[in-house]
Structure formats: structure tokens, C-alpha cells
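Dear colleague,

Please find below the structure that I am handing over to you.

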Amino acid sequence: MCDIRYFKSAYHCYDVAMHLMQYYNNDEMYLNDVAYNLQQCIEKTLKAFLECKGVTVPQTHNIFKLITMSRNHGSVVVITDWIEQNQYEIAAWESDKRYNFDIRLEADRIQTGLQEVKRFLDLNHMSYELNPELDEIAKDKLSKKLPKNLIIHDNFEWNCYYNIFKNRSWHLHSKHCFAANKADRNFHTSGRLLGFTAADPSY
């Protein structure tokens with residue numbers, strides 16, 4: 001079931017991690033909690049996009065498995081090189097840091113994680129700042145794909161629905177086309193932007 005609250009829950013984990021880092025002050029417990037919430041943010045984001053593709057997501061914290069499922073099922077999520085290269089370490093942030101208090105993390109490593117997860121969210125337009133591609137023409141096209149009684153409450157929800165239903169074949173007649181976004185173009189050419197079709201019957 002596609003539920004925008006999954007995306008908001010993922011963003012909330014990043015927000016919690018960011019605020020916890022401000023109180024770190026060499027306290028290992030804070031650092032562990034930051035790492036845990038960063039892992040949860042990535043995990044929940046991958047699961048949210050899969051759920052909205054009509055995929056039944058298993059109860060797993062395995063980032064490798066979720067990345068593989070995302071590719072196999074045509075999820076539109078943009079997966080960064082950093083996440084792919086560090087997926088096993090990220091998965092350990094969920095399991096090891098919850099149950100093994102003797103494992104020490106490097107503050108610089110977690111700070112990098114904060115920056116990279118923020119970049120991951122930005123590339124997937126999971127933000128309360130409206131995606132510049134969503135001009136009035138794009139909003140009108142998107143609204144026609146959504147249930148008539150659906151109320152979109154904020155820019156974050158607009159962005160999420162656009163991510164879910166956007167189709168690269170749309171002719172938006174807007175200066176904010178997909179190719180104009182340098183980050184998206186780089187990921188498209190490197191194969192990181194996974195396939196998505198708004199007309200997919202699973203929707």
C-alpha cells in the first residue's frame with residue numbers, strides 16, 4: 001500500500017539524526033543513535049518507494065536486499081554511489097549499534113553519513129521545499145493521476161506524489177524538465193535512476 005506517511009517517517013529519522021548530532025559532545029550513545037536513525041532513513045525510503053510500486057516489502061533491515069528489490073521491481077528511487085559502496089556498514093548501524101554498546105563509531109564518519117543521507121533525500125526530492133519541476137502545468141497533470149478526493153497538505157507531499165507518478169515521457173512544456181536537473185541527469189546516465197512508468201498497472 002502506498003502511503004505518504006512512509007516517506008515522512010523516513011525524513012523524520014534524518015531530522016532526528018541531525019538534531020541528535022548537535023548534542024553529540026563526545027557521547028557515544030548520541031553517536032550510536034545518530035547512526036541508527038540514518039540507517040532507518042535509508043531503509044524506510046527504499047521501502048516507501050517499493051510499497052508505492054505495489055511491492056510487498058518484507059520485514060528486513062538488509063540494505064543490499066532492498067536495493068536489489070528496488071532494481072528488480074523498477075522503483076524510481078535514486079540510489080547514490082555512497083549508499084551502494086557502504087551498504088553493509090549502514091546495515092550494521094541498525095543492528096550492531098542497538099545491541100552492542102562496545103562498538104565505537106568515528107564522529108567524522110557519521111558526519112559524512114549525515115551529509116550523504118541529506119544528498120540522498122534531496123536527489124529524491126524528499127524535502128519541504130517544492131521540487132522546481134512542479135510548476136502549475138506539472139501540478140495539473142499530476143492532479144489528474146490522483147484520486148479526486150485526495151488532499152495534498154504541503155510541498156513534501158507534492159514532491160512525493162510527483163516522485164511516485166512522474167513519467168519521463170511527459171511533455172510538461174516547462175523550463176523545469178528532467179534533463180535540466182544536473183544531478184538527475186548525472187544519475188540517469190550512470191544508471192542510478194531506476195526505471196518508472198506512471199501507467200504501470202501496479203498503480
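Gln 39 counts as buried because its relative accessibility is 0%, where buried means under 20% relative accessible area, exposed means over 50% and partly exposed lies in between (1.4 Å probe, protein chains only). Gln 39 belongs to helix H2 (residues 28-51); helices (H or I, at least four residues) and strands (E, at least two) are DSSP runs, numbered from the N terminus. Leaving aside neighbours within four places in sequence, Gln 39 is in contact (heavy atoms within 4.5 Å) with His 61, Ile 63, Ile 90, Ala 91, Trp 93 and Glu 94.

Residues are numbered from 1 along each chain as its sequence is written, and side-chain values use heavy atoms, with hydrogens and water left out.

As to the overall architecture, the protein has 9 helices and 0 strands. Buried residues account for 50% of its 203 residues. Of the contacts between residues at least 6 apart in sequence, 70% join residues at least 24 apart.

Two further residues deserve a description. Arg 109, in helix H6 (residues 107-123), is partly exposed, with a relative accessible area of 26%. Apart from neighbours within four places in sequence, Arg 109 is in contact with Trp 82, Asn 86 and Glu 89. Its C-alpha atom is separated by 9.6 Å from that of Ala 35, 74 residues away along the chain.

Asp 154 lies in the loop between helix H7 (136-143) and helix H8 (155-165) and counts as partly exposed, at 22% relative accessibility. A polar atom of the Asp 154 side chain lies 2.9 Å from the backbone nitrogen of Glu 157. Not counting residues up to four places away in sequence, Asp 154 touches Lys 8 and Tyr 128.

Finally, a word on confidence. The mean pLDDT (the predictor's confidence in each residue, from 0 to 100) is 80, and 76% of the residues reach 70 or more. Among the elements, helix H4 (residues 81-85) has the highest mean pLDDT (96) and helix H9 (residues 182-189) the lowest (36). Over residues 168-203 the pLDDT is below 50, although this stretch has 84 contacts in the model beyond near neighbours in sequence. Where pLDDT is low, the predicted coordinates should not be read in detail.

With kind regards

How values were computed. Polar contact = N/O pair within 3.5 Å; in protein donor to acceptor, adjacent residues only side chain to side chain.
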